[in-house]
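Please walk through this structure with me.

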Amino acid sequence: MDRPNIIFIITDQQRYDTIAELGFPHMDTPNLDRLVREGVSFDQCHVTAASCAAARASLFKGYFPHTTGILKNADRWRRSWIESLNDAGYHCTNIGKMHTWPYQTELGFHERFVVENKDRYLEGRYYFDEWDKALRARGLVKQQREIYRKRADYDESLGAFDWELPADTHPDNFVGDMASWWIETYPQTEPLFLQIGFPGPHPPYDPVPEASAAYMQKELPLLPVSDQELENQPPALKELRVHNRDIDHDSVVMPLHPSQQQRHRQRAYYLANVTMIDQKVGQIMQSLEKAGYLENSILIFTSDHGDCLTDHGQSQKWTMYDQITRVPMIVWSPDRIRGGRRIESLVQQMDLGPTILQWAGVEVPESLEAESLMPAVNCDDFSGRPYVYCEQARDAVLTGCQFMTMVRDRQYKLVHFLDEPDGQLFDLQADPGELDNRWNDANLAEVKQRLLAELREWRIRSGLTTKDWCQDWR
């Protein structure tokens, strides 16, 4: 069979519990449901960083953030394994969000149609992407923080607002439509690597009114938040809560104790945005079929990290709860991969990198920290990783610690804060909601020391494994 076209769809800030077919019946996601039914779902896929750029750079390089040196948003990254696909004869196109820095760097793509964050208040504020230009050409002013701040209900809305401009100008509709236009218009080129990056459901949570109205009528699962849980959070996370109350990142003002009504409304708007993206995924698949790509394609769907959405009393990302580190990841290719499978083994999202290179017939660098998922895709015995890891450095939002690291096995999760005495330890079997921090529990002292020792060995092993990763630049 010819080398496959690879269609790589990435959303921004989409939680693992947002696809109906994965066991969340309150969701309306028929197209993603189809991918799950006909494809392979990695149900314990974990990202390597708790913010956009660091996670994406790790994914597209195949190394952990501490190796790439890209630890937070606006850290420069301009190289990726996409260059190897380019060199191997793939036509490489990006439509939508990648979150490189600078935004427009080539990264190995032949062409890029960049659409970045909806609200770029801190970084790239005056960078005009394809969406900005399209709005300007129609004489429209983008909904953004400066406009939202004028609303009387701004402080109470938790970043949830109706999209009041024409529906086709919504950023996720815009990216989906642009992807379909490119697929159907550009002369067919194979093999193709097409990355489609949806800006949503990252805040502002701004679906079109008819989409949010449907979810406002639903009973939605909201994780209880207790005073005891909040009191047992490490100082860095307590500071993060205050920070997100005082500073409106991405148009989200997060009160310390939002009401159930506020929480439900925010969740409804967020989930409505996921349904809008689902509709565009269906449209893109139709365009791929119309253009003759779909039969020889592998389609991948995932997200760069999740969103707490007031669970654990937290806003957005910058923490290590499963709502952040665990994301949906589906691989679909009925003619190549036996579908209808759910894989529960632990994997890192960056493991997609060497898997894609193998599909493309490209040699995988030995120094990669990412591990191929080919055994899982090929139905071989697949035990997955014994541990997964996630990292996050101090940035403009996470100001209460220098560096945060998570290690997780099938039963336990430990979160370490550099040079701090406090941390987090959860028994995920007894406490799947991660509500009971047992960092100081003597009954789990041996577990705590085992996971701390694993962090040490992992970092030492990482330094040895990656010693040659930059040899071409020495």
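Helix 4 gives the most to the lining of the largest pocket, with three residues. Helices here are DSSP runs (H or I, at least four residues), strands are too (E, at least two), and both are numbered from the N terminus. This is a predicted model, where local features need pLDDT of at least 70, side-chain atom pairs count only at pLDDT 80 or more, and totals for chains, interfaces and linings use all residues. Residues are numbered from 1 along each chain as its sequence is written, and side-chain values use heavy atoms, with hydrogens and water left out.

Stay with that pocket. A pocket is an open set of points on a 1 Å grid over the protein atoms alone, where a 1.4 Å probe fits, with protein on both sides within 12 Å along at least five of seven lines; lining residues have an atom within 4 Å of a point. The largest pocket has a volume of about 770 Å³. Volume is the space filled by probe spheres set on the points, and grid points are joined across faces, edges and corners. The lining counts 26 residues, and Lys61, Arg79, Glu83, Trp469 and Trp473 lie nearest the centre. Helix 2 (52–61) and helix 4 (82–87) each supply at least two lining residues. By type, the lining holds 11 nonpolar, five polar and 10 charged residues. Nonpolar covers Ala, Val, Leu, Ile, Met, Phe, Trp, Tyr, Cys and Pro; charged covers Asp, Glu, Lys and Arg; the others, Gly among them, are polar.

Now the second largest pocket. It holds about 340 Å³ of space. Its lining has 17 residues, with Arg125, Phe128, Asp132, Lys142 and Gln144 closest to the centre. Helix 5 gives the most to this lining, with three residues. Seven lining residues are nonpolar, one is polar and nine are charged.

Next, a single residue. His305 sits in the loop between strand 7 (297–303) and helix 12 (322–325). Why does His305 count as buried? Its relative accessibility is 0%, and buried means under 20% relative accessible area (1.4 Å probe, protein chains only). Leaving out residues up to four places away in sequence, His305 touches several residues, including Asp12, Cys52, Lys317 and Val327. Contact means heavy atoms within 4.5 Å.

Last, the cores. A nonpolar core is a set of buried Ala, Val, Leu, Ile, Met, Phe, Trp, Tyr and Cys residues joined through side-chain atoms within 4.5 Å. The largest has 59 residues, of which Phe42, Phe60, Leu85, Phe193 and Trp359 touch the most other members. A second, separate core of 55 residues includes Trp131, Ala211, Leu271 and Ile284.

Technical notes. Buried means under 20% relative accessible area, exposed over 50%, partly exposed in between (1.4 Å probe, protein chains only).
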